[in-house]
Amino acid sequence: MNIKKWLQSNTASLKGKTVVITGSTGGLGKEICKILGFLGADLILVDRNFKKSSAHRQEIISRFAKIKVTLLTADMEDMDSVKAVCEKLKNIKFDYLILNAGAYSIPRKKSSFGYDNVFQINFVSQYYIARTLAPLIKCRDGKIITVGSIAHNYSIIDKNDIDFSTRKKSNLVYGNSKRYLMCAMYKLCKDTGVEISVVHPGITFTNITAHYPPIVFAVIKHPMKVIFMPARKACLSVIKGVFDSCEKYEWIGPRIFDVWGLPKKSMLKTVSEEEYSFISSVCDNIFKPIAH
Ligand SMILES: NC(=O)c1ccc[n+]([C@@H]2O[C@H](COP(=O)([O-])OP(=O)(O)OC[C@H]3O[C@@H](n4cnc5c(N)ncnc54)[C@H](OP(=O)(O)O)[C@@H]3O)[C@@H](O)[C@H]2O)c1
């Protein structure tokens, strides 16, 4: 089935709906916005780089003249900036929140809030936004769509090193953060009743690997483009997440080995109940000091 046919049978008009998306300027973000624009949704783009975001807004409105596109700025590495954007979003009416911003192999440092920056970007900030806005989204019968990753499978949680700060491998911090984020969403759904979907795109070539050492990047760039799905197809899991919801441990991603093919809902295999409970307690411990 091609993308057009898939969209015809798996989506509906989003005219009159507003979607907030973080990380809209990235490889997947742009493709997600193209489809949302095609479906008639108004968009609120939450990006860190205003110039890039404005150029992206122009691209969208030149294709879809009838939709409204609003820009908000937030750096997921900076908690104050994340808190400020949440305050703005509390006063804007929207239906869907897509937590798509993410960073993988970037140089590691402590965030302004004291966490490993990769953990901060991929988990702490995304979770803070979701938990802060969940009651509003629930009231509006909306949904939170969270972009996870198959990398959650390959990163084991260490109770004595929540944010991975004493361990070296930066690529594993990413998987660790996604593991927290995905489990945190199931708990948020249970606690607040907000509808959620946990989605992942498989593997696709975007800027997410741009921070690899230049030689590694040059070597993997072309094979990645050939071997894996293009972002315009990989993003369909996110689109399915807008129209479908997930229960505990369900996630939506490519059907073949979680990497290739059209999206399908399946069950997470590697998270135990004990780990889920642990992550739930960590979520409270992280959220409360930021919120007060
Ligand atoms: N590509 C894959 O194979 C793959 C696989 C599994 C999951 N994912 C997930 O898919 C999502 C989108 O990634 P992508 O592949 O589209 O990567 P990408 O092209 O690098 O896009 C990432 C987006 O996140 C934004 N971002 C990064 N750091 C940020 C920060 N500190 N504050 C605010 N925004 C920030 C980027 O902004 P700038 O444009 O300003 O850099 C960009 O808009 C991520 O959550 C990623 O973890 C991707």
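**Close-up views of a predicted model**

**View 1. Burial and overall fold of the chain.** Of the 292 residues in the chain, 45% are buried. The model shown here and in the views below is predicted. The chain contains 10 helices and eight strands. Its C-alpha trace spans about 50 × 45 × 35 Å along the principal axes. Among contacts in the chain with a separation of 6 or more, 73% are between residues 24 or more positions apart.

**View 2. The shell around the ligand.** The ligand is surrounded by 27 residues. Gly-23, Gly-26, Leu-28, Gly-102 and Thr-206 are the closest. Helix 2 (residues 27-38) supplies the largest share of this shell, three residues. Sorted by class, the shell holds 13 polar, nine nonpolar and five charged residues.

**View 3. Asp-141 in a loop between a helix and a strand.** The loop that holds Asp-141 runs between helix 5 (117-139) and strand 5 (143-147). Most residues other than glycine have a negative phi. Asp-141, in contrast, has a positive phi, near 55 degrees. Asp-141 counts as exposed because it has 9 C-beta neighbours inside 10 Å, the limit for this class being 12 or fewer.

**View 4. Phe-257 in a loop between two strands.** Strand 7 (250-256) and strand 8 (260-267) are the elements on either side of the loop with Phe-257. Phe-257 is a residue other than glycine with a positive phi, near 50 degrees. Phe-257 counts as exposed, since 10 C-beta neighbours lie inside 10 Å.

Technical notes: Residues numbered from 1 in each chain as written. Predicted model: local features only at pLDDT ≥ 70, side-chain atom pairs only at ≥ 80, totals over all residues. Near = placed C-beta within 6 Å. Helix = DSSP H or I, 4+ residues; strand = E, 2+ residues; numbered from the N terminus. Nonpolar A, V, L, I, M, F, W, Y, C, P; charged D, E, K, R; others polar. Buried ≥ 20, exposed ≤ 12 C-beta atoms within 10 Å, placed from the backbone. Contact = placed C-beta atoms within 7 Å.
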